[in-house]
Amino acid sequence: MSTNRRLTRNKRLLTIGASIVAMGTLASCASSGGGDADGQTTITVLGYTAIFEDNFTQAVIEGFEAQHPEYNVEYVPSQNSAEMLGKLRSEASNPTVDVAILDQSVANTGIQEGVFAQLDEAAVPNLANVVDMGLNAEGYGPAMTFDNLVLLVNPEEAPEEISSIQDLWDAPDNSVAIPAAPDIQGIALTALTANNLGADYQEDIQPAIDELALLQPKVTSWDPQPDVYQTVTSGSAQYAVGWNARGQVFSDQSDGRLQVVQPDDGIAFQVNTINMVEGTENAEGAQAFIDYTLSKESQESFSSAMFYAPTVKNAELPEEVQARVADPQDPNIVEIDWIWMADQRDAWTDLWRRTVIGG
Amino acid sequence: MVTLQTTQLRTGGLPVKEKRSAKQRAGTLGLILPGSIGLFVGFVLPLIVMIRMSFNQHGTGGQLVETLTFENYGRALSDPFYWQVIGNTLWLGLLCGGLAVILAYPIALFLTRTTSKWKGVLIALAIAPLLTSAVARTYGWIAILGDQGIINGFLMDTGLLSGPIRLNNDMPGVIIALVEILMPYAILAMISGFGRLNNSLEEAAGTLGASRFKVFMRVTLPLTLPGVFTGFLLVFVLSISSFVTPRLMGGGRVFILATEVYNEATQTLNWPLASALSVILLILFGLLVAGYQQLTKRFED
Amino acid sequence: MRKALSGTVITVIYLFLLAPIIAVFLISFNSSSALKIDLGSPSLQWYQEMLSNSAFIEGAKVSFITAAVVSVVVLVLGVPVALAIARREFPGKNALSAFFLSPLLVPSVVIGLGLLLVFQPLALTGTYLGIIIAHFGITVPYVIRTTLMSLKTNDVSCEEAARVHGAGPFTTFFRITLPIISPGLIAGAVMAFIISFDEAVISLFVAGSGRTTLPVEMFRYLQYRSDPAIAALSVILILISVLLVVVIERVVGLRKVMNS
Amino acid sequence: MTSTAEQMHLSVQNLNKTYPRTEVPAVSDINLDVQQGDLVALLGPSGCGKTTTLRMIAGLLEPSAGSIRVKGKEVTSTPVHKRGMGMVFQSYALFPHMSVLDNVSFGLEMRGGGRRGNRKAAKAALDMVQLGHLAERRPAALSGGQQQRIALARALAIEPTLLLLDEPLSNLDAKLREAMRHEIRSIQQRSGTTTLLVTHDQDEALDMADKIAIMENGIIQQYDAPQEIYEHPTNKFVANFVGKANFIPSTSVRQVGEGRYSIEAGAFGDLTVPGVVGIKGDRAELVLRPHRVRLMADGEVAADRPRARGQIIASSYTGNVVSYEMQSSDNDRVIRIDQLSHPADRLPVGAEITVSFDPEDAYLVAEG
């Protein structure tokens, strides 16, 4: 190629490059505009992303905004509780988030670090309706949803029906997907396994770990990508453990390729708490929002949308929904102390990696 | 011709000192400073903060305790699990490096020698994957290697297999995908390292009576070895720092330093341990690069 | 015989090299959502799906803006450094050039973690500024390298000739140096753009819950779904990459860039 | 010569250059006076400091010490772009992104002035090198010789106070090089531009220069007219570097007049020869150019000429000249003889011969 031609072309390209850059700059200017001009107070809520965000927005936020036109809710989606805590930690001196919805054990770490504030009972009257196991003893954020560990089955691909956690040990090789610890599904499974072995998970976890290690050949993935629900629906795994709420939602979308089975040998609850962030400038709005999420109306609507069990006594679910959510009175419930667990998660994770997965 | 060193120099009476105007020095500083500040903020500072963090303590509830302790290193280095993680990481790097080099070598040799008019296109084809997001290519590999994937589908459709074999969600899948993803780097490193190779050398060896195999072993291989080394090192280094592919395809079974760092940093929120693991990874890198330099030095001598 | 054998070997390796791209390309026209090639009735539904996914669109926007700004910033800050290294004498020059190439020798997870630790307290995670700073470090070595290469392959004497014949330092730079090294600069900027656009790991660390680049959106999407919308998106990205390769090839010649 | 620095067009005094982190100076104590309109060649082997000197004069390098004056005006600290010099680089250094005309008018443009005027002047400069018809081309599209001439036109277009040529012909092939020598010389003389030429090619220097400065190891060994350099080298290095030379070790050196010595020159016996003024000691070397050595016919007697006998040990034929190497019979000295001769007369290796020379053609230098 002659230098000659190359250089004219360069000149042209330089021009193109410059205009691309100019466009980029314009776009960034355009996107930085905006902001609410209509005198509303914005409440920023941090919570889970994806399907949770969609349903929560429809079933809760829209209702709240309709009831409280003076507020405007901005939902910030996050991948997981740990990430939420990371964000809140970093903003501790100057929080941009008012309310956070996250897993109870992670929330407890946040409480210990002073990231969250205690609620004013007067500002959150619905606290009175929250079931006992959903209340925080020191007055921090209460439970907003209850969920429980379930078995997921792809009835088209699975050779056998299963009804209990223990049945996983009889599954064919390479057929089970289990989100391993530190994922709390793996943690909950550990507690249930201990319970099935007649051991107290707070005393000695080794037997359960040894038992779980026997699952090794059965498991196709300890870290299902995409999540367990898609993995089972697509048939990449025939069985899995997962959460009830998401399992139910995805089951409805799966054309019968995903079936949720409540294990008959143990129900482990997972609790999402709703918390007010320490140092928020908008404590009033934050507590109004928290109060609304604990209202009969909001709880019923969110449970119907996403099959979380309500955390308030006065919620009444339609029968077809009630049948698909866990009952806090269920005799099979294996009580898991998530606050105690917060301290154990690292240790358990280590055991999982060394013994269960055999990393 | 007279050699230079023999002649005695007349020593001038003037002091020999490099005068440089302050203006020029300021100019040089002005050129260097903005970029250096940028790199400091975007690169050095993070490393410093991370090294400092590695001496902090991870409280029982997950809180961060500012202190000065070697606890994290102690934990990482006294625990056989982490030794295994380090071992896995090195193994992954060696295997990927080795396989990528073996596969890239014929391509690089071919691309260096070919006189085809498609040469440009062929080079572009070998390099195009490099310019495609690793996430996209990992997705492609999941589709190929998954239980429902192309290979298992084919094997089961043809009746060669009754059930799927586990290609994805384990080390083999990660290695296959990483080798492919990193191979273009090896090809590039080799093509540029093969500069010393030219056909006439091989032809010369051929006319001197060497067999094809001998020509390869005695001429081609030694001449291309530096390129091979560079390619290997590049793939090795990139694979032991790879994250996306092991994470998406490892099935939770592949524990390497990169995934551990990510887990500790974003899942467990144990930043001090994540930092200590990073420092270990960094030291590992430093040793390797130093080793490589020694090796090439020796090779060049 | 021998020729046929080596031809086969080359073809097979090429197939392996291109396998995921081919797979992704075929899957993007799938008629179902399965993660396998299913071309019963090829459709463009996943392209539609992809375009209606606001996370992808937003991610693409963020990636594009980031990559564009990064490639300009990295040129503006990097080229002077390369110029100083190539054309000036000063103490610590070798150290400086090693310093500017060193980000290539540090694993991205390590840089990512470090940046996360710095950015969290400053609330820079998930901001344009944060991502741009993060990408600066990993792209600047490439720009320095391509620029240095251009400066080295192009004789200093052109600049000297300009100066002897009356041009001051600024005139020399803008009238002579810049036009001569512009192919290298364009190559460097394009590489910086591509690297920034495709970078996933560091972005994953600094993304936080706010602004996120396209590769991170894709990575996150893959944790919840694996439908062919990702494949459709990948095809588009591959096409963009190929376009860029063609551009580089035509401007400077690929080998020149890659040999740097 | 007694002219002072003020009268000289270019006057370089005590110029020194030591590069950072090196011990040995690249250039030490260079003194050079150039008269208006002269072409002076800096000649020396590579690494001798000639290019460094040129670059300091151009202003591309800062001297460690010393001064440079042009027309009596101190320019040592004048920035390069304000010195008003023209320069042709070894690589020509044409700006690849500009047309030939733009290249040539670049210097004019830098000096301001109207575009039209500049282009006209540039065109004139191009015409001077007979390349006016290539004005719109890009340099890359031209041959080496054409590029070289354009570089010259560019340097001359600004009517420089001093024209600096840095190995301008080394990238051309042999034939073209000779043609260009004459062209450059004639353009230089026509324009009357004082010129400094750096070269390692002695033929080029001898052919083109009014004066030659022979450099070695950063020092000017001799600065003189070409003929003086060739005929009366001041030391062994110069004698060896310019042209071919036999060096005959001489003993019993005794001065017999201003620049005249009586010596004992090995096989040639006692002689009286011209030489460098002020040789100390009783040993020296006699420079004898091979083509000044004569082969004596059998039986020829020339009593007043020194002679020596020996045996031909090698011979080579390069067209117009036959070169012999003779091993003298009494000591092991090898003497080289160049003869313009017909191939038919060529003597075989092993032949016994007698050689002689005119002592006035030889020149005594100190031992090197």
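**View 1. A helical span of chain B in the predicted model.** Residues 29–51 of chain B are 100% helix and 0% strand, and the end C-alpha atoms of this span lie 29 Å apart; helices (H or I, at least four residues) and strands (E, at least two) are DSSP runs, numbered from the N terminus. In an unreviewed entry, UniProt lists residues 29–51 of chain B under "transmembrane region", together with 90–111, 123–144, 174–194, 215–240 and 271–292; such annotations may be inferred rather than shown by experiment. Over residues 123–144, the chain is 73% helix and 0% strand, with end C-alpha atoms 24 Å apart. This is a predicted model, in which local features need pLDDT of at least 70 and side-chain atom pairs count only at pLDDT 80 or more, while totals for chains, interfaces and linings use all residues. Residues are numbered from 1 along each chain as its sequence is written, chains are lettered from A and ligands numbered from 1 in the order in which they are written, and side-chain values use heavy atoms, with hydrogens and water left out.

**View 2. The two domains of chain B.** Chain B is divided into domain 1 (16–46) and domain 2 (80–300), with bounds that come from an automatic or database domain assignment. The C-alpha centres of these two domains of chain B lie 37 Å apart.

**View 3. The interface of chain A and chain B.** Here 30 residues of chain A are in contact (heavy atoms within 4.5 Å) with 32 residues of chain B. The area buried between chain A and chain B, that is, the accessible area (1.4 Å probe) that two parts lose on being put together, summed over both, is about 2600 Å², of which carbon and sulfur atoms give 41%. Between chain A and chain B there are 5 salt bridges (a side-chain nitrogen of Lys or Arg within 4 Å of a carboxyl oxygen of Asp or Glu). A salt bridge joins the side chains of R75(B) and D350(A), at 3.1 Å from N to O. On the side of chain A that touches chain B, α12(A) gives the most, with 7 residues, and the residues of that side divide into 7 nonpolar, 13 polar and 10 charged; Ala, Val, Leu, Ile, Met, Phe, Trp, Tyr, Cys and Pro count as nonpolar, Asp, Glu, Lys and Arg as charged, and the others, Gly among them, as polar.

**View 4. The interface of chain C and chain B.** The area buried between chain C and chain B is about 6600 Å², 82% of it on carbon and sulfur atoms. Of the area that chain C buries against chain B, Y14(C), F16(C) and L17(C) supply 10%, more than any other three residues. Across this interface of chain C and chain B, 0 salt bridges are found. Helix α1 (residues 2–27) of chain C provides the largest share of the side of chain C that touches chain B, 13 residues, and that side divides into 53 nonpolar, 10 polar and 7 charged residues.

**View 5. The two domains of chain C.** Chain C is divided into domain 1 (1–43) and domain 2 (53–258), and the C-alpha centres of these domains of chain C lie 31 Å apart. In chain C, 10 residues of domain 1 are in contact with 8 residues of domain 2, and the two domains bury about 620 Å² between them, 83% of it on carbon and sulfur atoms. The count between domain 1 and domain 2 of chain C is 0 salt bridges.
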